[in-house]
Amino acid sequence: MGEKQAAQQQVMLFAIDEGEHSFYALEWVLDHFFVTSGLNQPFKLIVVYAKPTPSSVVGLGGPGTVDIMGVVDSDLKKNAQKVLEKGKQLCSTKGVDNASFETVEGDPRNVLVEGVEKHRASLLVLGSHGYGALKRAVLGSVSDYCAHHAHCSVMIVKKPKIKH
């Protein structure tokens, strides 16, 4: 067996969410790394959705909080399922049927950095939300955090701005 066959395929971890920028980035990645390379795909694609915890959505404490946690969690699971299904359809449309999909509960920053370690990814890809400096400062940038903490290369795919 040759060296190339013996070498294990590298892993690309792709961060997906419900935003339009995320699906643009997935399509871009599929077109540039998978569709054009045919059968000789350079990466194993793992698509990860970071599902928020119910408590991060509802907040902490207060009367009735426990009662709605189950409902919120159910909605979050349905949303995750919908996002991953849309991602699977896009992959299938592009002829990429061997991608893996997973939902991991937690803060996207931690989920992605830990996912890189877990899967021994050599590339993490995220779509850019296109936030301005103020919004990024308040919300924190997932891509910025990952670029500084993930132990692999990080690629941020930006959707081109439409020029008027």
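These are my notebook entries on a predicted model of a protein chain.

**Entry 1. Overall make-up**

I first looked up the secondary structure and recorded seven helices and five strands in the protein chain. Reading from the N terminus, I noted the order of elements as α-β-α-β-α-α-β-α-β-α-α-β. Of the 164 residues in the chain, 37% are buried. I then turned to contacts between residues at least 6 apart in sequence, and found that 75% of them join residues at least 24 apart. The accessible surface of the chain comes to about 10300 Å², and carbon and sulfur atoms account for 53% of that surface.

**Entry 2. The nonpolar cores**

I next asked which residues have the most contacts inside the largest nonpolar core. They are Phe14, Ile16 and Leu45, in a core of 24 residues. At least two residues of this core come from each of strand E1 (10-16), helix H2 (20-35), strand E2 (43-51), helix H4 (65-93), strand E4 (123-127) and strand E5 (153-157). H2 contributes the most, with six residues. I also recorded a second, separate core of 16 residues, with Ala15, Val113, Leu124 and Ala150 among them.

Beyond its neighbours within four places in sequence, Leu45 is in contact with Met12, Phe14, Leu30, Phe34, Cys91, Ala99 and Ser100.

**Entry 3. His21**

I located His21 in helix H2.

**Entry 4. Helix H5**

I checked the length of helix H5, which covers residues 108-119. At 1.5 Å a residue, its 12 residues should span 16 Å, and the end C-alpha atoms are 16 Å apart, so the two values agree.

I then looked at both ends of H5. At its start, a side-chain oxygen of Asp107 comes within 2.7 Å of the backbone nitrogen of Arg109. After H5 comes Arg120, whose phi is positive, near 50°.

Which residues of H5 are buried? I listed Val111, Leu112, Val113, Gly115, Val116 and His119. An α-helix has 3.6 residues a turn, so residues three or four places apart point the same way. The cover over the buried residues of H5 includes E1, E2, strand E3 (100-105), E4 and helix H7 (142-149). One of these buried residues, Val113, is also included in the second core.

Notes
Residues numbered from 1 in each chain as written. Predicted model: local features only at pLDDT ≥ 70, side-chain atom pairs only at ≥ 80, totals over all residues. Heavy atoms only, no water. Core = buried A, V, L, I, M, F, W, Y, C linked by side-chain atoms within 4.5 Å. Buried < 20%, exposed > 50% of the residue type's maximum accessible area, 1.4 Å probe, protein only. Helix = DSSP H or I, 4+ residues; strand = E, 2+ residues; numbered from the N terminus. Contact = heavy atoms within 4.5 Å. Areas by Shrake-Rupley, 256 points an atom, 1.4 Å probe, with all protein chains shown as cover. Expected span 1.5 Å × (residues − 1). Polar contact = N/O pair within 3.5 Å; in protein donor to acceptor, adjacent residues only side chain to side chain.
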